[in-house]
Amino acid sequence: VNFTNLGAYRQSTWVADIKGFNKYFWGTEIYSSENRYGRYQSYGAIEILYPGGNPNSLYNINGWDWNKTPGATTKHLSNANLVAATGRQDEKTDSNFAASLRFGSKGTYYIDQKLEGNHGMFGMDFTQKAISPTHDASFKFKKSVFCFDGKIICLGSNIGSANGLIATNLFQNNLTSTSTSINVNNTAVATFPYNTTLSSASNHWMLDAAGTGYFIKNGNSIVIDRKNQSSPSEKGDGTTTTGNFASAYISHGSTPTNGGYEYVIIPQTTSADMVTFSNNMAAAGTAFYQVVQKNATAHIVKYNTMHGYSLFAAGNYGTSTPIQSNNAPCMVMTNLTGDSLALSFVNPDLNFAANNGASQATPIVLTINGEWTVTTSNGGTVNATAGTGITTLTIQAKDGLPVDILLTQTVNPYYPIVYYEDFLNATG
């Protein structure tokens, strides 16, 4: 959704809402008697909703831990430090990279073809703005989310803070009964209260009480809690609420300097399917996806013939994927089939004119491996220049809307021409 830094991924009977914010739009609205603890509502939050809304999705404000917004990367603070310091305290940042991008065409559309596709991604480059004494200008992260065939791939890198526990929250389920179990690595856990930390040395998987699966790659410890929680009222009137919850988060420690994460969310799944998925991810050649790159410059994921690129800065990526380089931050999805390359592109910087004027188009240059011609383009201005073994695309996009490009190949960069005489000489 182009002006709200929101991606909505719908499959079957569930929807995942993925939310960020940038310097043009605040991340949450806090008033003198409303949402006093809602700081983290757009810090890369991923809300999984099932039919029946909040009750069936196990969301409940009574006892809710405001630090543990699912999907968000947050600094876990005491309630006294989390509460808004002023009456009106909109969450703001100076970062300008937060957007979603859809890819592929659908048969029918809920709203608009420009906004909807079969697959999609989200990206966010964030540094916290010191708008209160408890907002930390050293707290930062880069995150991306890739949505393919009912699975949500979540990557994080460059997570840092000078102090305080930094966590990426997985889920927070309200339990209607303390005996309601979750599944951890194929073991049902119904003990209440319960607390454990899973080792960072191994992959792990969980199935929460709502039926959402989580596969977490090794590299970080995972904290699981099942307990009664007390929560201050969002009105800030001094009253408290309580509730029984099961929650889990990835811990990045108290002073991370280059933290990261990799996990997959699989809504509406089963423990048997999670066992299969986990085994496939651990075995050579059967993983659902591959991470090509995950660092300060780019998050790049490959799924079948598709690639998703969250490009946080200018960079060069070689010849192993369709995109060789870019000269400015952008987000791209590609699908290479035969001699056709389909691309969807978005500029994550809305680039408003002064005084929140209209979005301004700026040229961004992509270098594509191979020699291609533009068959069709929609949604922005596209100019192509063919070189030797490469094609340069100059794309102008605005309003956070996608530009769709279809290229036809003239020379394949992955299969160099071999002349028949050279072949005979080489083989005798």
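Reader: Which residue's backbone oxygen lies 3.4 Å from a polar atom of the side chain of asparagine 174?
Author: Two N or O atoms within 3.5 Å make a polar contact; within protein, one must be able to donate a hydrogen and the other to accept it, and residues adjacent in sequence count only if both atoms are side-chain atoms. At 3.4 Å, the backbone oxygen that faces the side chain of asparagine 174 belongs to asparagine 244.

Reader: What pLDDT do local features need in this predicted model?
Author: Residues are numbered from 1 along each chain as its sequence is written, and side-chain values use heavy atoms, with hydrogens and water left out. The model is predicted: totals for chains, interfaces and linings use all residues, side-chain atom pairs count only at pLDDT 80 or more, and local features need a pLDDT of at least 70.

Reader: Is asparagine 174 buried or exposed?
Author: Asparagine 174 lies in strand β9 (residues 166-174). Strands (E, at least two residues) and helices (H or I, at least four) are DSSP runs, numbered from the N terminus. Buried means under 20% relative accessible area, exposed over 50%, and partly exposed in between (1.4 Å probe, protein chains only). The relative accessible area of asparagine 174 is 14%, so this residue is buried.

Reader: Which residues is asparagine 347 in contact with, leaving aside its neighbours within four places in sequence?
Author: Asparagine 347 sits in the loop between β24 (340-346) and β25. Contact means heavy atoms within 4.5 Å. Leaving aside neighbours within four places in sequence, the contacts of asparagine 347 are Pro329, Thr362, Ile364, Ala397 and Gly400.

Reader: At what distance does the side chain of asparagine 347 make a polar contact with the side chain of threonine 362?
Author: Asparagine 347 is buried, because its relative accessibility is 7%. Its side chain reaches the backbone nitrogen of aspartate 349 at 3.0 Å. The polar contact between the side chains of asparagine 347 and threonine 362 is at 3.3 Å.

Reader: Which residue in β28 is the bridge partner of threonine 362?
Author: Two strands pair if DSSP finds at least two bridges between them. β25 and β28 (residues 390-397) pair in the antiparallel sense, over eight bridges. In β28, threonine 362 has as its bridge partner alanine 397.

Reader: Which strands stand at the edges of the open sheet of five strands?
Author: The sheet has the order β21-β22-β25-β28-β27, with antiparallel pairing. Each edge strand has a single partner strand, so one side of each is left without a neighbour in the sheet; these edges are β21 (315-316) and β27 (381-386).

Reader: Which side chain does asparagine 369 join by a polar contact of 2.6 Å?
Author: Asparagine 369 lies in strand β25 (residues 362-369). Its relative accessibility is 2%, so asparagine 369 counts as buried. The 2.6 Å polar contact joins its side chain to that of glutamine 324.

Reader: How many residues lie between β19 and β20 in their hairpin?
Author: Strand β19 (residues 298-303) has five of its six residues buried. β19 and β20 (residues 306-311) pair in the antiparallel sense over six bridges. In the turn, asparagine 304 has a positive phi of about 50 degrees, and the number of residues between the strands is two.

Reader: How many disulfides does the count come to?
Author: A disulfide is a pair of cysteine sulfur atoms within 2.5 Å. The sulfur of cysteine 147 is 7.8 Å from the closest cysteine sulfur, in cysteine 154, so the gap is too far for a bond. By this rule the number of disulfides is zero.

Reader: Why is the pair of phenylalanine 277 and phenylalanine 288 classed as it is?
Author: The structure holds 24 aromatic pairs. Rings of Phe, Tyr and Trp (its six-membered ring) pair if their centres lie within 6.5 Å; planes under 30 degrees apart are stacked, over 60 edge-to-face, and the rest tilted. Phenylalanine 277 and phenylalanine 288 have ring centres 6.1 Å apart and planes at 55 degrees, so the pair is tilted.

Reader: How many residues apart in sequence are the parts that this pair ties together?
Author: Both phenylalanine 277 and phenylalanine 288 are buried. Phenylalanine 277 lies in helix α3 (residues 271-282) and phenylalanine 288 in the loop between α3 and β18 (290-294), so the residue separation in sequence is eleven.

Reader: Which residue lies over the face of phenylalanine 288?
Author: A charge sits over a ring if NZ of Lys or CZ of Arg is within 6 Å of the ring centre and within 35 degrees of the ring normal. Arginine 88 lies over the face of tryptophan 26, at 5.4 Å from the ring centre. Over the face of phenylalanine 288, at 5.1 Å from the ring centre, lies lysine 151.
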